[in-house]
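Here are some notes for a first reading, written as numbered points. Please keep the sequence and the structure open beside the text while working through them.

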Amino acid sequence: MRPRRLTRRALIRGGAMGAAVAAMAGCAANEPEPVAPAPPDPQVELLRQVIAGKERTIALYERAAADEPALLPFLERHKVHLAELRRRLPPATTPATAPVTAQTASPAPSGGASPGKVSRTRLRDTERKAAAARPKQLQSVSPPLAQLLASIGACEAAHVQALSRPL
Amino acid sequence: MSTVSTVSATTTVSARDALLAALLKALAAEHAAVYAYSLGAARVEGRQRSLLTAAHAAHRNRRDQLRTLINGRGGTPVEAEPSYTLPLRPGTSAEAVRLATLVEEGVTAVYLELVAVDDGPVRRLAALAMQESVTRSYGLRPEITALPGLRPATPSPAPATPTTQATPADAPASAAPGG
């Protein structure tokens with residue numbers, strides 16, 4: 001096959017096209033670029049997840065403690081956890097008024113906020129899962145947050161044992 | 001003048017030193033815990049004896065795990081001292097249980113420090129060890145603090161100090177194992 005030769009006319013036409021493309025590119029460069037949203041901070045995302053879980057746990061305990069006041073100390077300790085976790089959120093992501101109650105709780109993924117009596121077994125299972133998750137959650141966070149998560153996990157582990165006994 | 005590579009190397013060495021220092025501190029705490037439980041377990045009977053004997057075995061296991069971690073990171077594990085200064089020398093079962101709870105508080109505080117190091121497997125071990133210590137403590141004395149290690153329920157005891165001879169039973173409670 002014979003190679004196609006570039007004619008003088010084709011070169012001129014190509015040059016004009018190139019100039020047009022360059023001009024368009026120049027226009028685009030002068031326009032303000034759309035601001036790409038900053039990627040979410042993994043630590044803040046984790047904090048949000050842990051806070052949501054803690055809010056669900058508090059909601060469970062508030063319902064359970066209505067029938068069994070002996071559970072109130074457990075509820076109070078979870079509120080301490082929640083307050084400490086919220087304190088670690090960057091100011092921009094902290095709710096303006098975030099009372100430490102279940103009113104801000106996220107909906108439970110699997111009927112966690114469903115009405116009805118909350119059993120000790122359910123509370124114990126919630127505590128056990130939360131405690132088991134802490135060592136993994138603290139793997140890649142800042143040292144202070146790792147310490148907070150470890151401390152919360154230790155409290156939750158003690159709750160598991162306490163809920164296995166008469167209160 | 002420092003180059004990027006020398007600064008990086010210095011940082012790495014510093015981080016490694018900090019990691020090993022925290023691991024060695026935890027190992028020293030476990031040595032002290034093993035010592036304290038060996039004294040305490042001889043003073044109790046029945047269920048309490050089972051609890052203290054199990055705790056003794058658990059601390060021996062953690063001690064051995066820490067030795068392995070230290071060796072694996074190029075450090076040299078510290079050996080146990082002949083004896084340790086304890087906050088109290090258990091003469092009764094109540095004192096043995098009291099000593100055990102102080103041991104667990106001290107160990108919890110040391111593992112909380114270890115959680116802060118930049119080493120995933122070490123962080124995991126420290127977090128699990130904290131959960132075990134707090135649970136054991138609850139088994140001996142049914143009290144729970146919201147943030148174990150971060151907010152001690154009682155005034156923070158001083159770290160354990162190895163001694164060459166045992167402390168008398170009426171010595172002031174100035175130190176606790178685990179620190």
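1. Before the order of elements can be read, a term is needed: helices are DSSP runs of H or I with at least four residues, strands are runs of E with at least two, and both are numbered from the N terminus. With that in hand, chain A reads α-α-α-α-α from its N terminus on, with five helices and zero strands. Please bear in mind throughout that this is a predicted model.

2. Chain B has another make-up, with four helices and two strands, and along the sequence these elements follow the pattern α-α-β-α-α-β.

3. On burial, 35% of the 167 residues of chain A count as buried, while in chain B buried residues make up 47% of the 179 residues. As for contacts, in chain A 76% of those with a separation of 6 or more are between residues 24 or more positions apart, and in chain B 76% of the contacts between residues at least 6 apart join residues at least 24 apart.

4. The next point concerns a meeting of helices from the two chains. Two packed helices are described by the angle between their axes and the distance between the axes.

5. Which residues of α5(A) and α3(B) meet? From α5(A) they are A:Ala146, A:Gln147, A:Ala150 and A:Ser151, and from α3(B) they are B:Leu112, B:Glu113 and B:Val115. Sorted by class, this contact of α5(A) with α3(B) has four nonpolar, two polar and one charged residues.

6. A further residue of helix α5 of chain A deserves a look, namely A:Ala154, which counts as buried because its relative accessibility is 0%. Leaving aside neighbours within four places in sequence, A:Ala154 is in contact with B:Met130, B:Gln131, B:Val134 and B:Pro148. Within chain A, the C-alpha atoms of A:Ala154 and A:Ala131 are 7.0 Å apart in space, although the two residues are 23 apart in sequence.

7. Over all chains, the structure holds two aromatic pairs. In one, the rings of A:Tyr61 and A:Phe74 have centres 6.0 Å apart and planes at 15°, so this pair is stacked. A:Tyr61 lies in helix α2 (residues 42-67) of chain A and A:Phe74 in helix α3 (residues 72-87) of chain A, so the pair ties together parts that are 13 residues apart in sequence.

8. B:Tyr35 counts as buried at 13% relative accessibility, and B:Tyr84 is buried with a relative accessible area of 5%.

Key. Residues numbered from 1 in each chain as written. Chains lettered and ligands numbered in written order. Predicted model: local features only at pLDDT ≥ 70, side-chain atom pairs only at ≥ 80, totals over all residues. Heavy atoms only, no water. Contact = heavy atoms within 4.5 Å. Nonpolar A, V, L, I, M, F, W, Y, C, P; charged D, E, K, R; others polar. Phe/Tyr/Trp six-rings, centres within 6.5 Å; stacked < 30°, edge-to-face > 60°. Buried < 20%, exposed > 50% of the residue type's maximum accessible area, 1.4 Å probe, protein only.
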